[in-house]
Amino acid sequence: MYTTDLSGKKAKPEAAITENPAKLAAFEARVAADEFIEPKDWMPEAYRKTLIRQISQHAHSEIVGMLPEGNWITRAPNLRRKAILLAKVQDEAGHGLYLYCAAETLGVSRDEMTEALLSGKAKYSTIFNYPTLTWADIGAIGWLVDGAAIMNQVPLQRTSYGPYARAMVRICKEESFHQRQGYEIMMHLAAGTDAQKRMAQDALDRWWWPSLMMFGPPDDKSPNTEQSMRWRIKRDTNDELRQKFVDITAPQAEAIGLSVPDPALKWNETRGAYDFGDVDWEEFYAVVRGEGPVAKERNQARVKAWENGAWVREAARVHAEKRANAKIAAE
Amino acid sequence: MHAADGKMALEHARDTYTRRMEGVSLWVLPSAQIIASDPGDAAALFAPAEDKIYRHPTFYKIPDGITHI
Ligand SMILES: [Fe+2]
Ligand SMILES: [Fe+2]
């Protein structure tokens, strides 16, 4: 997920030892009582650090997530689709900004976060390192990727850090449009000509497994889940969310005559849930390491945008300075 | 918002905060100019709402049968 812990390492437990025990206990009690922690409140350093990592990674995912879809804005099949896609991509930029703002309240600067993204030090969701080869991929992304994002983000509206929770409330309101427009694209293609239906099926085939990977490694390989759940910065485990996603999405595929590319997918009456096949975790870890199919292009696109925008930032700064000086001189 | 000046901040705010009819006006000011209360003072600032329960209409018991009040 956008917020998956991609470090794979267990966080050092030192924080609990070095923090003031009375303050720590009061903090833990507040969090356990589902109270919101606000920027000026006392918080353990490890909580602050984990949140900065999680929120900035989430923000980066929104920003990089514009690239695969931006790729199709000029080639949307008609004006309606183009206007919708533009609005959707603009929403994602907004999501990135809400989240950068929330992270800034924890004491990290926008420049530090940008620098971490551009240098490749910061991670973002693995899903955006896959290419968008056809128009149907835009449908698959809205339906599956935004669908998975909703599943992860809805519980985060009740996350313990106030600014993050409030950003999530805004974001969730906008996400369901994203998912529905994607599903609508798939629905139309699936009901279209044979070639269009093949295109929709091909997109589902390519995006299904990477979408399941968005929820992160299996619970037994996710060492920081317990801590994050206790701190209410994660509210369901990776496997719980993945199961929920499969249960909701499989019937949606069936309803429009597409088939999920998993021969093991089968409704399990006793569990009241779908059984499904194993995710290729080797592929996931390779993408996390930066070996995703278009990881380099994504990074280059961000660096290029940053560098090409340098003169605009500089001009705006100089212009504002000049005007401020002129105002002082006139007074 | 991050912006070089007020006008640019307003333009960015328009792009970021008005996509879903969230408000009726935008105002921006430099964040350094904001004076905010300290969460440590929250008790003193917000307690009056809790200990003056007679400010709430439900504090007053009206007999059954009396309506529209
Ligand atoms: Fe988003
Ligand atoms: Fe979205």
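# Questions on a predicted two-chain model

Biologist: In which part of chain A is the place of R232(A)?

Modeller: The structure is a predicted model. In chain A, helix 10 covers residues 225–230 and helix 11 covers residues 238–255.

Biologist: Is R232(A) buried or exposed?

Modeller: A residue counts as buried under 20% relative accessible area. R232(A) has a relative accessible area of 19%, and therefore R232(A) is buried.

Biologist: What is the value of phi in R232(A)?

Modeller: Most residues other than glycine have a negative phi. R232(A) is a residue other than glycine, yet its phi is positive. The value is near 60°.

Biologist: Which residue of chain B has a positive phi although it is not a glycine, and what is its relative accessible area?

Modeller: The residue is H68(B), with a phi of about 55°. Its place is in the segment after helix 2 (42–51) of chain B. Exposed means over 50%, and H68(B) is exposed because its relative accessible area is 84%.

Biologist: What radius of gyration does chain A have?

Modeller: Along the principal axes, the C-alpha atoms of chain A fill a box of roughly 70 × 55 × 35 Å. A compact globule of 331 residues would have a radius of gyration near 20 Å. The value for chain A agrees with this, being 21 Å.

Biologist: What radius of gyration does chain B have?

Modeller: Chain B has two helices and zero strands, and its C-alpha trace spans about 60 × 35 × 10 Å along its principal axes. For 69 residues, a compact globule would have a radius of gyration near 11 Å. Chain B, by contrast, has 21 Å.

Biologist: What percentage of the residues count as buried in chain A and in chain B?

Modeller: A residue is counted as buried when its relative accessible area is under 20%. In chain A, 51% of the 331 residues are buried. In chain B, with its 69 residues, the share is 6%.

Biologist: With which residues is H178(A) in contact, leaving aside its neighbours within four places in sequence?

Modeller: H178(A) is in helix 8 of chain A. Its relative accessible area is 0%, so H178(A) is buried. The residues in contact with H178(A) are K88(A), D91(A), E92(A), H95(A), G142(A) and D146(A).

Biologist: Which residues does Q153(A) touch, not counting residues up to four places away in sequence?

Modeller: Q153(A) is in helix 7 of chain A. With a relative accessible area of 0%, Q153(A) is buried. The residues that Q153(A) touches are Y2(A), H58(A), E62(A), M168(A), I171(A), C172(A) and E175(A).

Biologist: With which residues is M151(A) in contact, leaving aside its neighbours within four places in sequence?

Modeller: M151(A) also lies in helix 7 of chain A. At 11% relative accessibility, M151(A) counts as buried. Its contacts are F215(A), L241(A), K244(A), F245(A) and I248(A).

Biologist: Is P21(A) buried or exposed?

Modeller: P21(A) has its place in helix 2 (residues 21–32) of chain A. A residue counts as exposed over 50% relative accessible area. The relative accessibility of P21(A) is 64%, and therefore P21(A) is exposed.

Biologist: What area do chain A and chain B bury between them?

Modeller: The size of an interface is often given as the accessible area lost when the parts come together. Here, 18 residues of chain A are in contact with 13 residues of chain B. Carbon and sulfur atoms hold 51% of the buried area, and the two chains bury between them about 1,300 Å².

Biologist: Which residues in chain A lose the most area to chain B?

Modeller: Three residues together supply 32% of what the chain A side buries. They are K40(A), Q90(A) and R170(A).

Terms used
Residues numbered from 1 in each chain as written. Chains lettered and ligands numbered in written order. Predicted model: local features only at pLDDT ≥ 70, side-chain atom pairs only at ≥ 80, totals over all residues. Heavy atoms only, no water. Rg over C-alpha atoms; globule rule 2.2 N^0.38 Å. Buried < 20%, exposed > 50% of the residue type's maximum accessible area, 1.4 Å probe, protein only. Contact = heavy atoms within 4.5 Å. Buried area = accessible area lost by both parts, 1.4 Å probe. Helix = DSSP H or I, 4+ residues; strand = E, 2+ residues; numbered from the N terminus.
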